[in-house]
Amino acid sequence: MNSAILIPLIPFLGFALNGLVGHRLSRALSNFIACSAIASSFALSLVWFIRVLENPQHRFDLMIGQWIAVDYLQIPFAFVIDALSSIMLLVITGIGLLIHIYSIGYMHHEKATARFFAYLNLFVFFMTLLVMSSSLPLLFVGWEGVGLCSYLLIGYYFETEEAPRAGLKAFLYNRVGDVGVLLGMMILFLVFKTLTISDLLQQVSQRGVENYFGWLTFATLMLFLGCTGKSAQIPLYLWLPDAMAGPTPVSALIHAATMVTSGIYLVCRLAPLFVLAPHTLHLIAWIGVLTALFAATMALFQKDIKKVLAYSTVSQLGFMFLGLGVTGFSAGFFHVFTHAWFKALLFLGAGSVIVALHHEQDIFKMGGLRKKLPITFYTMLIGALCLMGFPGTSGFASKDEILYLTYLHSPMLWSLGVLAAVCTAFYTTRFMVLVFAGQPRDLNIFDHAHESPWWMTIPLILLSLGALVAVMFGWPEAFGGHNRIASWLQSAIHYAQSIQPEVHELHIGLAWKLAIITTVASLLSAGLAWKLYAEGLEWEQKFEKKCLHTYRILREKYYVDQAVQTLIINPFFRLGQVFWKLGDVILIDGIGVNLPGAVTHVMGDLGSHLQTGRLRNYTLLSLLGLLGLLVLLWSGRT
Amino acid sequence: MTEPLSFFQALWMGGLQGYLWVGFLLFIIGLMTVVLRRSFLLQFMGIELMLNAINIILLAFGKWHGGIPTASTFYLFIIGVAACEAAVGLALIVELYRLKSTTDADQHSGLRH
Amino acid sequence: MFLAFALLTLGSALAMAFQKNVIVAGLFLVATFIGVAGLFVLLSNPVSAALQIIVYAGAILVLLLFVIMMLNAHEEEPPQEDLYIQRYLGLGVGVLMIGGSFWFIKESKLLQSLSERPVNQVAPVSLNHIGTEMLSHHLVPFEMIGLLLLVSMIGAISLVKKRL
């Protein structure tokens, strides 16, 4: 029963070992410590997953101790393992393990690998803490912890200029969201007088749907603000593309597979609460679809292979939120699951390409790498097919489920979603073609390319297998499958709930129609991209000349970064300067600190004239004091 | 058995008030010597005067309390302390004179801001 | 008799206080001590008077005059700066204290009642009395005074002696 506590604890021990004495250990030993920590954690997760699988309705509550106990604020230090968290655990530790193994190869030429592995282990610790915690404050600890690890790992190359800045950016954007989570938690505590998730949801089931703008709506909105920060949604998505300054395994693990999905996890965890706030859900759906669409268009003309994947991640996260927003919690979560596999795969493949080309990330300089990097190519092809939703792949299953539910909710949202899917197909084909097909554009780079060592290729192969197998868990029922993941998550998400989310009737005909429309549109777009880019870059250069403005806008990501810089950051900077000059220098330093100091100094100067050093002056003064005292006593006597 | 003296008679003829008055005046003269003169030696003498003044007052009270020997005993103790004070004080004066070759107390004013 | 001794005491004290030459001031101090001793006799306390002469006029004064001679600083040096505040404030305080003490002696009811006690029959305090009193009731202070004298002797020697 208590072996669950080891799931976060072992990575923490790995972190402590590598973080404290890692720089003295040999490289192989520190690699071994990190990987074995995650491996044992993965094995335990697997055991727990099987245990949950036997009885998906059951929730394991693991009370470890009391954490905070003040009056009615009772927060236990407890874990909960149910279908939701066990799947997340499996994803985190499973993909985490593969990425750790991959990192051994990827980080082979770096110096401070012990530090890197320590951070990775710490990340797994916090992430497992996040998904296992049974109360919101404990979840928040994990939430902040993964943010910290994200910051540390983005800034891993701290000698460079942009990496620390990107880390700081990620941290600050997350901070905005975290304020939201804190506010949401406080409101929930005010309303329900508890922060334990099970108690909270128990009480939620006694409340009606809140169709007006009330406390619940506000609380869920605030929580969702936190999710937009952590999961890179509009308006707080800007940090994720910059976060690609970190090492590629970090991008794969933290910024594609696990951490960024914690927002979706939070919403799923509190799904009954969100169901009661339809306004919030509506907003989530819209934010999700807009993010999906905009990020997909931004990915269209990126030059950096990791930037393409970063925007793709943002876009896919948007799809997940779209699913959540239309109350398809299990569909959204299924997309988390499948996306974790194929996006990690794509990132690791990109990392493999980058290493093969000696840290060249510009896809315009690649081309024709299929022959040089066969394993990378075929594994990435699987990932790309999943990403664009090729029929039969896991990406198709989860995305189609989301889009189907969206159509039932609102055809408008659905059409935007399809547009985003079309863009996805286009940019996926574009970068695959530019990297692997055609003729090499930079022979110097091409000639030195080599396939990655097996440390890196084996995780790629395993991940591609995972991406293929993931489809088994949730093939939509409309196509004759059995949506296992939905039935597992049923109890975890709906939580003995009296109010069920709207039950969707299964229109098989409609589902087929929608799937065909999406697929055909995606395939057409992919084919177009194939045709346009098969000969190289000519079409894109022509397009750039013809539609300079459109191209520029897309390339520069709608100038959002610049707008934020001028509209938010610079005014705040000026305001900060004003506060610094007025508040700090004049008010606090001047009036608050220096003025009393000056007054004391002047008074001390005046008083020091009494201190002449002459004995008789002192005698006279003490005599005066004595006389004064006598007079005082005398007058007080009568 | 004589009549009690009046106040001014006591001052002139040696009543309790007369001794007290002499003691007070002697004390004040000693104090003024300390406060107004600058020489260490004179200040030291002033201190001796003040000690004597309180001795007078002590013994005067002793007599008017019935000639008890406690007053004389404490007078003895005071003399002992005064002797100590004289020894140490004069040693300090000698040492200070060696330091600055002056007996002017005002010039030994190093302990200040 | 009282008036004569009182005048001798106060007069020579005043003369000492205003004397420029330190040696002459020391001699006036001797006169003051003798006057005080006379007052002690009038207070029917001949033992104290004898002690006064022996210890003060004898020991302490001799020590003081020794030091004065040794230091060879007979005249007070001219002042470095005129501390008129000190002077006038000191004089003011002195006058105030004289007035205050006079008023105190005159007005105090306690003193008045105390002074009306008969003192003519009071027997002179004898050495016998003092010895008995000191060694029976004040033995510990007596020992401590002895110790204090020893310590101050050592202290004085260690202060003055340059190299022990």
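Predicted model: local features only at pLDDT ≥ 70, side-chain atom pairs only at ≥ 80, totals over all residues.
Which residue takes a positive phi in the hairpin of E1(A) and E2(A)?

Start with the two strands in chain A. Strand E1 covers residues 60–70 and strand E2 covers residues 73–81, and they pair in the antiparallel sense over 9 bridges. The hairpin has 2 residues between the strands, and here's our answer: A:Asp71 takes a positive phi, near 50°.

Now for some helices. Two packed helices are described by the angle between their axes and the distance between the axes. In chain A, look at helix H1 (residues 6–21) and helix H4 (residues 113–132): they pack at an angle of about 160°, with axes 8 Å apart. Angles over 145 degrees count as roughly antiparallel, so H1(A) is roughly antiparallel to H4(A). The crossing of H1(A) past H4(A) is left-handed.

Who's doing the touching? On the H1(A) side, the contact includes A:Pro8, A:Phe12 and A:Phe15. From H4(A), the residues include A:Phe117, A:Leu122 and A:Phe125. Sort the residues of this contact by class and you get 13 nonpolar, 5 polar and no charged.

Finally, step back to the place where the chains meet. Chain B gives 9 residues to the contact, and chain A gives 9 residues. On the side of chain B that touches chain A, you'll count 4 nonpolar, 3 polar and 2 charged residues.

How values were computed:
Residues numbered from 1 in each chain as written. Chains lettered and ligands numbered in written order. Contact = placed C-beta atoms within 7 Å. Nonpolar A, V, L, I, M, F, W, Y, C, P; charged D, E, K, R; others polar. Axes fitted to C-alpha atoms, helices over the stretch in contact; angles between N-to-C directions. Helix = DSSP H or I, 4+ residues; strand = E, 2+ residues; numbered from the N terminus. Parallel < 35°, antiparallel > 145°, perpendicular 65-115°, else oblique. Left-handed = near helix turned anticlockwise from the far one by under 90°. Pairing = 2+ DSSP bridges.
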